[in-house]
Amino acid sequence: MSVRPANSFIGSPIERVEDLRFLRGRGTYVSDLNRPNQLHAVLLRSPEAHGRLRGIDCTRALALPGVHAVIKASDLGARVPHIPLRLQPLPQLEPFHQPMLAFDKVRYVGEPLAVVIADSAGIAEDALELIDVSIDPLPAITDKSSADAAAAVLFESHGSNRAMVWTATRGDADAAFASADLVLKESFRVQRHAAMFMEPRGFVAEWDVESERLTVWGAAKVAWTNRRILATAMEIPETSVEMIEVDVGGGFGSRGEFYPEDYLIPAASRIVGRPIKWTEDRREHLMCANHARDIECDVEMAVAKDGRILGLRGMAYADIGAYFRTNGSVGPRNVAQFMSGPYKIENIHLQTTQLTTNKTPSGTYRGPGRFETDFIRERMIDLAAKKLGIDGVAMRRLNLVADADMPYPLASITPYDSSTELDSGDYHHVFDLCLEKFGWNEKSALQGKLIDGRYHGLSVGSFIEGGAAGPKEDARLVLETDGSLTVYLGSSAVGQGLQTIMTQIAADAMEFPFERIRVLHGSTSHVTEGFGSYHSRSTVMGGSAILLAADKLKAMIRESAASKLGCAASEVQIDGETVVTKGASHPLAGLADKPLEAEATFFNKKYTYAYGTQAAHVSVDPGTGHVQVHDYLSVEDVGRMINPLTLHGQAIGGIVQGLGGTFLEHLIYDEHGQLLTGSLADYLMPTASDFPVIRSITLELKPSPNNPLGAKGAGEGGIIPVGGIIANAVANALSHLDVQPMELPLSPPRVWRLIRDAQEAKRSM
Amino acid sequence: MMKIEFEVNGKPVSVDVDPRLSLADCLRSELGLTGTHLGCEHGVCGACTVIVNGAAVRSCLMLAVQASGDSVVTVEGLSNDEALTPLQASFRKHHALQCGFCTPGMVTTAHALLTHEPDCDEDRVRDVLSGNICRCTGYVPIVEAVLDARAAYGSKGE
């Protein structure tokens, strides 16, 4: 009796199953769906950044043939529902929740005012032109200085544009600063930019009048949470709502959070009694989907003569825009809690103040708070090394957390108190490996050199990437009567290859052939509860849930087989097609009369921390301020790789997004709160000709002790240190002028101005 | 409404359209060819790229009525059977797609390029693809996939 060789899909570069439909134009994204008898929705949005809403006159719009309704706040019931917070839902933040439609004040350009329902999106857009909106303008608050000057406050009941403060502490910062040989104090800014996924947001919602049930196509990321929010706002039971996930054109933290349209489109379907379809256009996306980053930070670093970092102290100001969105505190909180990164910094007192302004509300974008804080920390290390006259490479090596220090606690954060610790890693090994693979020693002769009119610079820095947020994830495995396996999962796909990765994990756990497994995910009917895809959690949480459910299902199969084959359950082996025991076997197909089902939940309180080091070689044209990236290398240890192909893709893609945020991407407002970058011709993203040389090496050095897979959440790491690494490389290239970038993006005009200012300062000396 | 006749993926079609309807909307909503995606509707992202009389064209910037008498190929029309074309297979092999939304525009743009210039070099590939935005991959694997597919278009090799 031979048993098939054991599966080894985990760790193999399996080509994705998703690709077969995507490459032939057979994906199903939400705007590809249509329902019989459907109408189309278009939103009327505020043209003013701040003001009192006096009236909306829809008379002319309603007279346009093909227009069915214009839904205003007064049509949503006695009290307009507001969007609650998904993460860090502090009660004191309730006044800052966004209403589904503005009703008394408008607080940003693009804020929803009404929903036009018509036979086609074109007619609904025509109708928008016929609506008269009356708003009494108030002064627009557009940055920290205007927020503090408070010519107007966004929320009068709160009385200030400073909404709340996060505080991260560890050890005794003041004592560390008192004993330091060097105290460095600097200010930094990271510009507002955004996830900018390629498929615009959209929904198709269908309210069934007879059964009072709602179906929503276009769910993403956190379908179960959003079902709860939607059912509460519509005052119907959660079980009356089905959220269906179809193919999703990118997420990066922003898609799938609950936006006003998540309620408005289903509510419109109930009001008009017909299916409603809505797809945003790119301009709406730029001014309505979550923005991110936008911080200023005054920070101090205490350092000993030998380069040991003794403490960090400071205050960051996060401009979160007009409302607290579902996850609007994650980035600002992370700025305070994760400033120390992979370095052993024992004394920390860092705060972030969240400011409300008349700009689009913000939320998470890949590496929230970490991209910002890595820019600040890596710049501070280089500035301190320069002041002390020591080598930045040596200073980093001296301060990295050692393997022996693991698990290593980070600063604790309050309010909504949380503590976390780095789980495992050999940070020094990865740091040295990155230098070796980058060719640091060979390339270091280029540092600061002028070659063919361009100054060359190198830099290196390390990072950590948090993942695997709890509390839990569900998986249900079903052995169908035909012997195939169906995996139902609470995780969501946002373009990361979830279907392939989960099939690999299930195939190895069950010892099943790859083709005999079907993965269904993201829709609220599949499992009791689901938590979705955020905080790089799907693989670890969903994958671990599959392992647990597989153990249960295998036990059930063995028992079933034992009674069929007349042996003990412990003697039964499962080989994917058959169950085998001494001298007898039975195909899995037809083993039981009805499908065998096992559901399991993986609970997790501890985060995983993937970690790594990146290095860059750039050159700067002093005449134009243009920076060219000649080489960029990332080395990251993720504990355990499920699919090297997809993981490598995540790393490279993340780095290039980070280069976009470092050089190009900027959501710019004028002093009236008007968004000036309302198209992709104004909001610049990386293209194929910008950054040709990007390299990535992924290691499986130190598995996470916190989950049965040993995997660490990965996929955000690439983006995290890019701003800091590039800014240091630019500073090193221009060290003869002592150019010190303290603000992103490093656009050609900004770099050119830095060079000009440095030259003028040098001349006047 | 105007009646127009043109060829899509080798088959003649005849549709009544609003003069203001874009070719992209016509393909998607009138002809059910939803493989052509709309990412920006202002001609920057390239997701809606289709091949009109052999040239890569942004179907969001072209009116359906302008396609009258033309031959249009969409991503659905690149292969006639269940197998991936060599270019599509190369995209899969190199993991040149993640969310898949920009992919139809990438594949049609690359197909038009390689059809005319099977010997193009990496700089040329990057230059031509710079009209299509991909947010997921960082372009490295897309460029590798296109270069690797040149042989199937009769490249004499470098």
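In chain A, 17 residues of domain 1 are in contact with 20 residues of domain 2, contact being defined as C-beta atoms, placed from the backbone, within 7 Å. On the side of domain 1 of chain A that touches domain 2, four residues are nonpolar, twelve polar and one charged (nonpolar: Ala, Val, Leu, Ile, Met, Phe, Trp, Tyr, Cys and Pro; charged: Asp, Glu, Lys and Arg; polar: the others, Gly among them). Domain 1 comprises 19-27 + 469-603 and domain 2 comprises 33-138 + 196-288, with bounds from an automatic or database domain assignment. Their centres, taken over C-alpha atoms, are separated by 37 Å. The model is predicted: local features need pLDDT of at least 70 and side-chain atom pairs pLDDT 80 or more, whereas totals for chains, interfaces and linings use all residues. Residues are numbered from 1 along each chain as its sequence is written, and chains are lettered from A and ligands numbered from 1 in the order in which they are written.

An open sheet of chain A contains six strands in the order E8-E13-E14-E15-E7-E17, with mixed pairing. Strands (E, at least two residues) and helices (H or I, at least four) are DSSP runs numbered from the N terminus, and strands pair if DSSP finds at least two bridges between them. Strands E8 (182-193) and E17 (412-414) of chain A each have a single partner strand, so one side of each lacks a neighbour in the sheet. E8(A) pairs with E13(A) (residues 292-303) in the antiparallel sense over eleven bridges; Lys185(A) has Glu300(A) as its bridge partner in E13(A).

Just after H10(A), Gly389(A) adopts a positive phi of about 70°.

Technical notes: Contact = placed C-beta atoms within 7 Å.
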